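Here is a short note for someone opening this structure for the first time. Please read the points with the model on screen.

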Amino acid sequence: MPSSVLSGFTSNFLGKAPVWYKQVILLFLIANPFVMYILGPVTAGWLLIAEFIFTLAMALKCYPLLPGGLLAVEALLIGLTTSEAVYNEVLTNFPVILLLMFMVAGIYFMKELLLVTFTQILVGVRSKSALSLLFCSAAALLSAFLDALTVTAVIISVAVGFFSVYHKVASGKGYQQKDHNANSDDEVIELHRGDLEDFRAFLRSLLMHGAIGTALGGVATMVGEPQNLLIAKVVGWDFVSFFLNMAPVSLPVLAAGLATCWLLEKLRWFGYGGRLPRPVRRVLEEFAENERARRTKSDQAALWVQGIAAVILVFGLAFHIAEVGLIGLLVIILITSLTGVTDEHQIGKAFQESLPFTSLLVVFFAVVAVIHEQHLFKPIIDHVLALPEGQQPGMFFIANGLLSMISDNVFVATVYISEVKQALEAGSIDYDHFQALAVAINTGTNLPSVATPNGQAAFLFLLTSAIAPLVRLSYGRMVIMALPYTVVMGGVGLFMVVNHI
């Protein structure tokens with residue numbers, strides 16, 4: 001406990017983050033003004049970018065909104081950018097803000113339908129290879145039209161639910177019992193310990209296949225990932241034209257990714273291939289049947305409403321009847337009105353997942369404003385654009401991919417697409433080549449970024465979720481399990497970008 005007010009301030013600063021991390025952030029904040037006035041704004045700008053990427057890479061120590069926000073505020077105070085420039089960046093990317101605010105919240109109200117879907121897949125398919133392929137395919141399809149974070153959240157909910165059910169049984173309790181700690185194996189009966197460990201391996205592989213699926217599908221459409229919509233708005237693509245422009249890369253990568261999923265399960269490499277023990281399957285089937293029997297007519301009606309809303313969502317996106325975020329708001333209104341969700345606090349829960357990241361995105365735009373004001377990336381972009389035209393898309397894919405592995409892919413895409421747009425406006429490139437570079441930037445930020453939990457928001461969400469400690473899914477294990485996918489998706493993506501766009 002703090003012994004004085006001063007120590008209280010020290011303890012409160014960035015909360016439970018490690019002391020060394022707090023000291024590093026303080027060092028950044030102290031050093032930046034001196035660098036600004038001694039070495040100039042360009043050096044200070046590059047230092048700010050490095051510091052901000054550090055906060056993204058250390059997202060597990062502290063949510064980047066806090067230290068990144070402090071750095072952005074300081075950038076404004078020392079004159080690296082202006083509030084007007086930040087506002088203009090936010091205004092330009094307002095459709096992305098709408099997407100995160102309303103689309104993610106809209107999909108929140110479809111969770112019951114998604115939970116039923118994934119539960120039926122899990123208990124209905126006996127072949128592990130086929131089950132993994134279905135999980136990966138379903139996650140890819142859903143992420144192409146819905147939010148990848150929400151799809152991942154649903155898969156996590158299914159996994160947590162089923163793990164808790166069997167953990168209770170393995171501990172000699174009924175699965176209806178409420179008071180149980182699934183994080184501790186102290187009460188697990190010795191006879192069931194082997195099955196429990198096999199079940200953990202089984203769930204780990206399914207969770208990773210599902211997370212990879214969100215990346216495979218998320219790259220294909222303008223609503224699959226936040227940066228996709230940002231890129232689409234800058235280039236001027238609608239839903240259909242975005243899909244068609246990405247298809248030469250996204251579809252071969254999808255096929256290669258699904259083939260990798262199948263092979264990994266057959267070969268049982270990189271931690272994949274864990275089978276569902278028969279005693280565990282019997283428990284889960286009984287639980288799923290019990291849940292189905294408890295479903296009331298009102299619950300069934302709610303599922304029908306969610307299904308109809310999903311169809312409206314798909315058609316609304318395909319025919320671009322309104323801005324993407326407004327379609328999400330339509331989904332919220334339809335589902336809540338027709339399923340009896342009328343309490344303000346109940347509706348408010350839907351926005352809890354999206355608003356922290358929306359706030360972080362505004363901080364991204366503040367850093368992008370610094371980059372634009374100080375022209376930091378102009379020499380790099382000019383160097384790449386000086387290469388032969390045929391080499392440029394591949395170089396952009398590689399550069400975006402490597403940076404997205406350690407940083408956030410939304411931030412990387414925001415920086416690069418903005419700089420390339422400036423090159424277009426300056427007459428350095430024509431519109432057709434601009435579109436080719438946009439494809440390279442989008443696929444570069446979406447595909448190789450699966451290498452680490454830092455690159456994909458869905459991966460980071462999985463790592464920090466309740467299921468990760470239950471199934472022993474650590475940072476290192478995620479990196480190892482993602483490695484074959486990284487090689488295949490990155491390699492096929494690069495080949496298609498270089499040769500077919």
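1. Charges. The protein chain carries 28 positive and 34 negative side chains. The centres of the two sets lie 13 Å apart. Lys and Arg count as positive, Asp and Glu as negative, while His and the chain ends are not counted. Each charge is placed at NZ of Lys, CZ of Arg, CG of Asp or CD of Glu.

2. Basis. This is a predicted model, in which local features need pLDDT of at least 70 and side-chain atom pairs count only at pLDDT 80 or more, while totals for chains, interfaces and linings use all residues. Residues are numbered from 1 along each chain as its sequence is written, and side-chain values use heavy atoms, with hydrogens and water left out.

3. Fold. The protein chain has 24 helices and zero strands. These are DSSP runs numbered from the N terminus (helices: H or I, at least four residues; strands: E, at least two). The radius of gyration is 24 Å, close to the 23 Å that the globule rule gives for 501 residues, so the protein chain is as compact as a globular protein of that length. That radius is taken over C-alpha atoms, and the rule is 2.2 Å times the number of residues to the power 0.38.

4. Burial. Of the 501 residues in the protein chain, 55% are buried. Buried means under 20% relative accessible area, exposed over 50%, and partly exposed in between (1.4 Å probe, protein chains only).

5. Aromatic pairs. The structure holds 13 of them. Rings of Phe, Tyr and Trp (its six-membered ring) pair if their centres lie within 6.5 Å; planes under 30 degrees apart count as stacked, over 60 as edge-to-face and the rest as tilted.

6. Y272 and Y485 are edge-to-face, at 6.2 Å centre to centre with 80 degrees between the planes. Y272 lies in the loop between helix 12 (239-267) and helix 13 (278-294) and Y485 in helix 24 (residues 475-500), so the pair ties together parts that are 213 residues apart in sequence. Y272 is buried at 4% relative accessibility. Y485 is buried at 0%.

7. A pair within a helix. Y431 and F434 form a tilted pair, 6.1 Å centre to centre and 50 degrees between the planes. They are three residues apart in helix 21 (residues 431-446), separated by about one helical turn. Y431 is partly exposed at 37% relative accessibility, whereas F434 is buried at 0%.

8. A cluster. Which residues do ring pairs link into a cluster? They are W20, Y21, F28 and F54.
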